[in-house]
Amino acid sequence: MSCSCHGHVDPLVPKIAVIEHIRKDTPDVTTFRVVNPAGGKSFTSLPGQCAMISVPPIGEAMFSITSSPTEENFLELSIKKCGIVTEYLHGLEVGSEIGIRGPYGNNFPVNDELKGKDLLFIAGGIGLAPLRSVINYIMDKRDDYGKVDIVYGARTPDDLVHKEDIFNNWPNRLATNVFLTVDRECEGWDGHVGFVPQYIKELGLDTNKVVLICGPPIMIKFVLQGLEEIGFKKEQIYTTFELRMKCGVGKCGRCNIGDKYVCKDGPVFRLDEIQRLPDEY
Amino acid sequence: MKVLKKEKFPQIWQAINQAYELYLPIEKDDRVNFAQWTEGETVNLEALKTEISPKDVIFPQSETYLKFESDGKKLQLESVESENREYVLFGVRSCDAVSFNLIDNVFLREPIDRLYEKRRNKGTIVSLACSEPEENCFCSSFQIKPEEASPGVDVAAWDLGDKILWKPVTEKGQVLTQKFAQLMEDASQQDQEELIKLQNAIKEKVKELPLASVDPKVIKGELKEIFESKVWDELSQSCLGCGACTYICPTCHCYDIQDFAGGNCGERFRCWDSCMFSEFTLMAHGNPRTTQKQRFRQRFMHKLVYYPNNHGSYACVGCGRCIEKCPVNMNIVKVIKRLGGEG
Amino acid sequence: MEKIANKVRETARLALANGEVNKILGWKKGDFWYDSYPAFITEEEGTASLIWDSFCVANLSKYLIEQLKEDIKVGVFLKGCDARAFNQLLKDNRVDRDKVVIYGLPCPGMIDPEKVKKAGLAKGLLDVQKSEDEVVFITKEGEQKFSAREFAYDKCLTCQYPNPVVYDELLAEEVERNNTTEYFYQDVEEIEKMSPDERFAYWVEQFSKCIRCNACRNVCPACSCEKCIFDNSKANVAGKAKVDSEEQFFHIVRAYHVAGRCVDCGECSRVCPVGIPLAKLNRKIIKDITEFYGEHNAGVNPSLDAPLETFKLEDIDPFETRAKGGK
């Protein structure tokens, strides 16, 4: 069957994974925990890498892995309902089988440029998903990194994902601050109100840190502007991209931005690398 | 070096076909294309280039690689192994032979595309030098030498009138030659001399071609500079947004993956796709290339800038098919010249 | 044609100079004798490169859909078939007549480079000139004269509307109204004579050549949907697999979608890179429509109701009229 029986597995052939746990984060975001049918992780990965999820006959789609590589027993994917594959996935139950292949792409440089540094995570909406794999990785190797600031915003409090982490787990860790914001005033919300880019400026953060960003393109655009105004350099800023990906292995030719393939050379890019590329994302 | 008399062609086709699948330029309805040979087909080795490049033989337009069955909960996946035998692809021109190497650069780099690799390994490629290059040929712009055996071919052949000169260049080529040696003779001193004459004649003809002076190196500057050139607005206006250029092109290799299902089970296949099509980059939440200008630019940037950045050579072999087939006569030569500042 | 070409350049230059239009759609010459290609000109100086010769086959009217998205006035050169295409686009509400100035070009018929090539005359060819019924091939070695009909596109041999049916200015004298000698439905009747099985086999074989490049669709003036069903992966009706069923599905759906709107420009056959005689399929439908509802030539008079868009009680029932059976 799924051809792990011989050495020459084609990279396009998925293997089976079972949905072990489903958590509804928001009205349109669900976090799926998947494992091998015989138990255990489908594959090992690095923070920021992606997995191609298959739901025949609907098709395939690429998602960032939201669980930390330090999580030994399963992979987690937080998936927003926005297309035909995600719609189908949202209809699945615990015990359903899907296809999975990966890991794909590069990763945030947790063992190089990030090590020993103060870190600033900036996320909007579902954009927290890829960053969560990094944050949890760092939390598990807390001594290797400096101070951690997490700025996370969503349209409404209901749209905040990974609530357990942002409200309970992370704020209670050493030298870790979580700053939450929502777009508009809302009953029952006594936290900060406003857009992420503005909040960043208000927080008056020092610039001696590495920044990791993920969120909707418009948020990223304004955050980058804001960061440069505060005095951050391009070499300090990392983000992660999502484009149409089919093969995941740098061959099918559709996720390129200039001469870079997001699925292979990305999805993580440093801002100075991005600025060398055409504005086509 | 061997010699194969043309009168022996029917015999050798039959003989090769016993041991291999045999692909040849075959004429049908006045048009010549590579196809699997069967008894009775009209082989045309005179036509310089086939309408569509032979890339279909190494990279089929559609290829099923997975079967699935799902009841909504349980999923079964089975990879589909290709059933192809070893094959001989006979009569490949230098430009097309080089295009195979360009596709190899992408499909055979890590992680290796196993479907492609398997198919590629099963092939023995026999090239045929271009005795009569055509007006729209410009392979010399990419340092391709149509008078020589192109890198990667297993046997090189030259047309000497009533016979072809046959030179095995790889081990696979040796094996093929040995298998059918009884149909060939050893090349004589005179044959060798004729070959040199022919090669010199081809070289002269190539120099005289109207597009001989086309030089992609006129495209200078940083990636972003070329990307932002005003020339794209002007060039792309006439593009109809069809994929004719892409599909006849020997170097275009982008593909799509689709599922086909009936009831609970189905197949997953990959198939050629074109960056010229509007939904090529469409995602659930948007499309980074919404205009034909962006799509047009992508195709030529890929061939002339992106691919060279990644692999060290241009992704064009100057076969001239796009010059012949574009419904509105827009083609890579016009793009190179214009980007180089001409016109 | 060179005299008219001068007029083309002058007309374009004046139109841009006096601000009558902001942009001119015409043709330019490229590297080869057959290489006449669409030109989009906004500056007066640019008009000097415009041409009018026997290879200006590309129909410029469909470009208007995209061009008119900008708020500009466009001057366009249209031949007979192009003008019918324009009228059809008008009828389909895809262009705004008020934003277009049409310069009509009576068309003496275009030369098919493939026929030249097949005749073995393409080698070393520098230029091709046409005058009246003669065509002159010019090489380094000298000139050769032939009858122009030998090298005309098949579609031009049966053309019934060489003169533009709509224009603001006509740039030359009309050519003879009926320059056809071939019988218009000859190719259709050849198909009709086949048995249903033969006919089915014929089309299966033709469609199996299809490489799904969409050139026929994209060049077609009757195919002007904002989003084609074949580009809409969400619609889940079309796949890109190179299999007979998908190819047949594509071409049959397309033929029926342009039924009654096809202006018989023959561009689908011309641009098909693998030589599928697509116009034959459309012409069969034109013939059927003519037999069922009387003659209707799409794009000739846009104010007339199209037979498939209207219903009259006395309309015949094709299913009753035609024998059933076969594939």
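1. Let's start with how chain B is divided. Domain 1 of chain B covers 2-67 + 76-213, and domain 2 covers 217-339. Keep in mind as you look around that this is a predicted model. If you take the C-alpha atoms of each domain and find the two centres, they lie 26 Å apart.

2. Next, look at where the two domains meet. On the domain 1 side of chain B, 40 residues are in contact with 35 residues of domain 2. Between them, domain 1 and domain 2 of chain B bury about 3,200 Å², and 58% of that area is on carbon and sulfur atoms.

3. Now for the charged pairs. There are 4 salt bridges between domain 1 and domain 2 of chain B. One to find on your screen joins Glu63(B) to Arg270(B), with 3.2 Å between the closest N and O atoms.

4. Polar contacts also link the domains: 22 residue pairs between domain 1 and domain 2 of chain B are in polar contact, with both residues at pLDDT 80 or more. Which elements of chain B give two or more residues to the side of domain 1 that touches domain 2? They are helix 2 (55-58), strand 5 (62-70), helix 3 (94-107) and helix 4 (114-121). Helix 3 of chain B gives the largest share of this side, with 9 residues.

5. Where domain 1 of chain B touches domain 2, its side has 20 nonpolar residues, alongside 11 charged and 9 polar ones.

Key: Residues numbered from 1 in each chain as written. Chains lettered and ligands numbered in written order. Predicted model: local features only at pLDDT ≥ 70, side-chain atom pairs only at ≥ 80, totals over all residues. Heavy atoms only, no water. Domains from an automatic or database assignment. Contact = heavy atoms within 4.5 Å. Buried area = accessible area lost by both parts, 1.4 Å probe. Salt bridge = Lys/Arg side-chain N within 4 Å of Asp/Glu carboxyl O. Polar contact = N/O pair within 3.5 Å; in protein donor to acceptor, adjacent residues only side chain to side chain. Helix = DSSP H or I, 4+ residues; strand = E, 2+ residues; numbered from the N terminus. Nonpolar A, V, L, I, M, F, W, Y, C, P; charged D, E, K, R; others polar.
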